[in-house]
Amino acid sequence: MIEKAARVTENAIESGGFIARAYLPGHLKPGHADHGLGPLAAIMESFLAPGTHIKLHEHVQDEIISWVPAGCMRHDDPNGEHLVVDAGHLMVMNAGRGFQHEERVLESDPPLRMLQIFVRPHAPDLEPGIQFGPLPAYEDGTWRLLFGPPGSVAPFRVRNRVTCHDIRLKAGEEVALPKEFRCDTYFFVFEGGIEAEGTRFGEGETGLCSSGEAATIRASQESLVIAFVIDPEAEIHRGGTIGDGETVQRMAAMAHPR
């Protein structure tokens, strides 16, 4: 059985050219009191208009992954990093005991829609740092591995037991959801539409397949899907900006145009 949540329509944040909507995976699990699902605290679907600047701010504890299927997000930090995150690159900010950055979209850039993924670490006050680099190309009908825990073969690392994959599907293509024994699989339809075990999911809708059960998705149109394989029993630290449940209202004042 797959649990389903409709697209978020209420804005968690709306300020200037910045809109963000929070998806809380724990809410899909019946009887689950936590807004997160083990190490996966939340997903923010973020929209930045050209000319928007999110001023310098700090994250603590959470591992924050910036996934940008189209357009670009420009990252700057006090350590002198000036990075452009786009469809060919991924950025993982391991906030640890504290990491500052700012984000912007230039007037000359296209409108940006992206996901920022918040993972709870296994312990508090870890060493902060940033990972940035190219992603492998998509292969037809195959899940692309984006990030995983230390020791995995993933090109990027988060400090807890979450593995992330994405896939581009043509209309009519069918593929099994990623799974691991005793793990939950949570997925987000970024573009297009799919059917999973008899349930239809459109753009912005999310689903949860629990306990490592096998499930298949079929694209009803050209689609882009991202999926997370999560160990719900993993040790977690909740003290992060998003991981502790004080969620995103404190971030609203950070965004301003130009």
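The model is a predicted one, where local features need pLDDT of at least 70, side-chain atom pairs count only at pLDDT 80 or more, and totals for chains, interfaces and linings use all residues. Residues are numbered from 1 along each chain as its sequence is written, and side-chain values use heavy atoms, with hydrogens and water left out.

Start with the sheet. Strands of a sheet pair through backbone hydrogen bonds, either parallel or antiparallel. Here, strands are DSSP runs of E with at least two residues, numbered from the N terminus, and two of them pair if DSSP finds at least two bridges between them. Seven strands make up an open sheet with mixed pairing, in the order β1-β18-β15-β20-β13-β11-β12. At its edges sit β1 (2-5) and β12 (156-157), each pairing on one side only. Strand β1 runs antiparallel to β18 (residues 206-209), and four bridges join them. Within that pairing, Ile2 is opposite Cys209 of β18.

Next comes strand β5 (residues 52-70), where Gln61 is found. Buried means under 20% relative accessible area, exposed means over 50%, and partly exposed is in between (1.4 Å probe, protein chains only). Since 14 of the 19 residues of β5 are buried, the strand is largely enclosed by the rest of the structure. On one pairing, β5 runs antiparallel to β8 (residues 89-104) with 10 bridges, and Ile65 faces Val92 of β8. Another antiparallel pairing, over six bridges, links β5 to β9 (residues 112-119), with Trp67 opposite Leu115.

Gln61 itself is buried at 8% relative accessible area. Its side chain reaches the backbone nitrogen of Asp125 at 2.8 Å. Setting aside neighbours within four places in sequence, Gln61 has contacts (heavy atoms within 4.5 Å) that include Ala95, Pro121, Asp125, Leu126 and His237.

What about the cysteines? A disulfide is a covalent bond between the sulfur atoms of two cysteines. With the cut-off for a disulfide set at sulfur atoms within 2.5 Å, a search of the whole structure turns up zero. For Cys164, the nearest cysteine sulfur is that of Cys183, 14 Å away. Cys164 is buried, at 0% relative accessibility. Cys183 is buried too, at 7%, and its sulfur is 12 Å from the closest cysteine sulfur, in Cys209, which is too far for a bond.

Finally, the rings. Rings of Phe, Tyr and Trp (its six-membered ring) pair if their centres lie within 6.5 Å; planes under 30 degrees apart count as stacked, over 60 as edge-to-face and the rest as tilted. The structure holds six aromatic pairs. One of them is Tyr23 with Phe188, edge-to-face because the planes are at 85°, with centres 5.0 Å apart. Tyr23 is in β3 (residues 18-23) and Phe188 in β15 (residues 184-191), so this pair ties together parts 165 residues apart in sequence. Trp67 and Phe190 are also edge-to-face, at 5.2 Å between centres and 80° between planes. That pair bridges β5 and β15, so parts 123 residues apart in sequence are tied together. Ring pairs link Tyr23, Trp67, Phe188 and Phe190 into a cluster. Arg113 lies over the face of Phe190, 3.7 Å from the ring centre; such a charge counts if NZ of Lys or CZ of Arg is within 6 Å of the ring centre and within 35 degrees of the ring normal.

How values were computed:
A polar contact is a pair of N or O atoms within 3.5 Å; within protein, one must be able to donate a hydrogen and the other to accept it, and residues adjacent in sequence count only if both atoms are side-chain atoms.
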